[in-house]
Amino acid sequence: MKNISMLINANDKLGHINKEIYGHFSEHLGRCIYGGIFVGEDSDIENVHGIRKDVIDAFKNIRMPVLRWPGGCFADEYHWKDAIGKKEERKKLVNLSWGGVTEDNSFGTHEFFELCELVGCEPYLAANVGSGTVRELVEWIEYVTSPAVSPMADERRRNGREEPWHLKYLGIGNENWGCGGNMTPEYYADLYKQYSTFCRDHGDNHLYKIACGPSGNDFNWTDVMMRKLVNYGTGCASGLSLHFYSIPDWNNKGTACEFSDEDYYELLNITNYTDKLISTHSGIMDRYDPECKIGLIVDEWGTWYDVEEGTNPAFLYQQNTMRDAIVAAISLNTFNRHSKRVKMANLAQAVNVLQALILTEGRRMIKTPTYHVFDLFKNHQEGDCVYCHSENFNMAEGKNTPALTSSASVKDGVLTLTAANCSIEDDIEISCKLAGFEGREVSARILNEDLRAFNDFDTPDTVKIAEHFAKLDGDTLTFTLPKCSVAEITVK
Ligand code: AHR
């Protein structure tokens, strides 16, 4: 057992944790949309207008705040008009980004906005810049948000939706340095300005426009984008995206469930690098925008392994163990601590793809260890992130892998602390001083299993949240974090 001291100072506020930091991403990729979220009205799986009821309920339980759609790489080949109107008349589509499979476009704009309404989350549209046109995007915005009498709004009404939807988040392009068109930052920035100029607000709807940001450590991309966009005028860009996956070696990703301790340390090393990565991008952004008016939007993050044996390599289907739960805890604590600049983050992806929240097989549905981390962290949403610092130790000799990760927030008189013990050898006893906060009651929940434990369709609850013990004595909070655990402690 290691003894660790921690200090939380509720008077020292680091940033406001936008609920969107707990956001998600759903792409037309593999079984994320079809089968995972949408099964069609005629399915014998319980559904609301074709959308799986079990998935809606699971999303609601973690208070999913925002959902990005329809891609990813797929967004830059998506033509929204092909997926509205009568389903039997919709154009079929070959998904050239992901496996060349044909889909029937039965999940389109109306179905996506209905999903968001059912879940109670903000929709986040990723628009086609790579192979679309300014006009196509302008018309999509009009179709979705215009209350006026206009060609697109009238078409929406003919398709059964009288009132416009609310749309805040609009991504103008995706990975335009890669699958979104292989552009230089200079070229994309000019193109972005052209698109952005015509993406206008309709009625009382206000768009928060997000420009495509860098891949990982492409700091030049951030610099060029900030230089070219920041003084261009209000409303040009409210956010700049960042994509960063926890992948130690792109040529040798390994599988989700079979890995060595060494693989685990390497994965945590790269995950911990997120902190430095965000600091460096934020530093560049600070030079142009010291007041943090432009948010850093980490709209793709998570683990990425080789697919499960026997599944389509283009479908990116992977299992999810306690290792992924630890990665999620490190990442979310990092985003909280950077909440002054990070305004949204979206795990890749919501169902059946990469570090999924949920896996489905026919009518069966399971919640992954990663899902439970979002459950443990949900009380941070809309809280103020406060100073939280602890002693730490490297969990393996000679490796730069801190055993403890944590963050704390205060909202409505409740202090929420989330912490994970990443060590696979040592339990940790924490003694935490609370400054600037007086509490009386404490409660705790924990996710604690073997590092390689996972949920599958026959044993869906191997990894699940349990009540945990924590003690409050005056201004000192004490609790134990067993090895390989993620916990939430609340004090009020
Ligand atoms: O999430 C899978 C893919 O990863 C997305 O389509 C793309 O944006 C990224 O490269």
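Predicted model: local features only at pLDDT ≥ 70, side-chain atom pairs only at ≥ 80, totals over all residues.
Asp289 lies in the loop between helix H7 (261-288) and strand E12 (295-303). Arg341 lies in the loop between helix H8 (322-337) and strand E13 (342-348). The pair therefore ties together parts that are 52 residues apart in sequence. Asp289 is buried as well, with a relative accessible area of 5%.

The general idea is simple. Side chains of opposite charge can pair when their charged atoms come close. In this model the count comes to 28 salt bridges.

Here is another one. Arg364 pairs with Asp458, and the closest N and O atoms are 3.1 Å apart. Arg364 sits in strand E15 (residues 364-367). Asp458 sits in the loop between strand E20 (442-448) and strand E21 (466-468). This pair ties together parts that are 94 residues apart in sequence. Buried or exposed, what is Asp458? Asp458 counts as exposed, at 64% relative accessibility. Arg364 is partly exposed, at 37%.

Now a network. Asp375, Lys378, Arg445 and Glu488 are linked by salt bridges. Within it, Asp375 and Lys378 have their closest N and O atoms 3.0 Å apart. Asp375 counts as buried, at 8% relative accessibility. Lys378 counts as buried too, at 11%. Glu488 lies in strand E24 (residues 485-491). At 4% relative accessibility, Glu488 is buried. The side chain of Glu488 also makes a polar contact of 2.7 Å with the side chain of Asn379.

Next, the rings. A pair of aromatic rings is described by the distance of the centres and the angle of the planes. The model has 23 aromatic pairs. Take Tyr34 and Phe38. Their centres are 6.3 Å apart, with 80° between the planes, and the pair is edge-to-face. Phe38 is buried, at 5% relative accessible area.

Compare that with Phe113 and Trp165. Why is this pair called stacked? The centres are 4.9 Å apart and the planes are at 25°, so the pair is stacked; the cut-off is under 30 degrees. Phe113 is in helix H2 (residues 109-119), and Trp165 is in the loop between helix H4 (151-158) and strand E9 (169-172). The two are 52 residues apart, so this pair links distant parts of the chain. Phe113 counts as buried at 1%, and Trp165 is buried at 6%. These rings belong to one aromatic cluster, whose members include Tyr34, Phe38, Phe113 and Trp165.

On to the ligand. Which residues come nearest? Of the 13 residues around the ligand, they are Glu27, Cys73, Glu175, Tyr245 and Glu300. A backbone N or O atom of Cys73 lies 2.9 Å from a ligand oxygen. For Glu175, a polar side-chain atom lies 2.8 Å from an oxygen of the ligand. For Glu300, a side-chain N or O atom is 2.7 Å from a ligand oxygen. Taken alone, the ligand exposes 280 Å², and the protein buries 94% of that.

Last stop, the surface. Leu7, Leu14 and Tyr387 make a nonpolar patch of about 210 Å². Tyr387 is in strand E16 (residues 384-390). Tyr387 counts as partly exposed, at 31% relative accessibility.

Conventions. Residues numbered from 1 in each chain as written. Heavy atoms only, no water. Patch = residues over 30% accessible without salt bridge, like charges linked within 9 Å, V, L, I, M, F, W, Y side chains within 5 Å. Areas by Shrake-Rupley, 256 points an atom, 1.4 Å probe, with all protein chains shown as cover. Salt bridge = Lys/Arg side-chain N within 4 Å of Asp/Glu carboxyl O. Helix = DSSP H or I, 4+ residues; strand = E, 2+ residues; numbered from the N terminus. Buried < 20%, exposed > 50% of the residue type's maximum accessible area, 1.4 Å probe, protein only. Near = heavy atom within 4 Å. Polar contact = N/O pair within 3.5 Å; in protein donor to acceptor, adjacent residues only side chain to side chain. Phe/Tyr/Trp six-rings, centres within 6.5 Å; stacked < 30°, edge-to-face > 60°.
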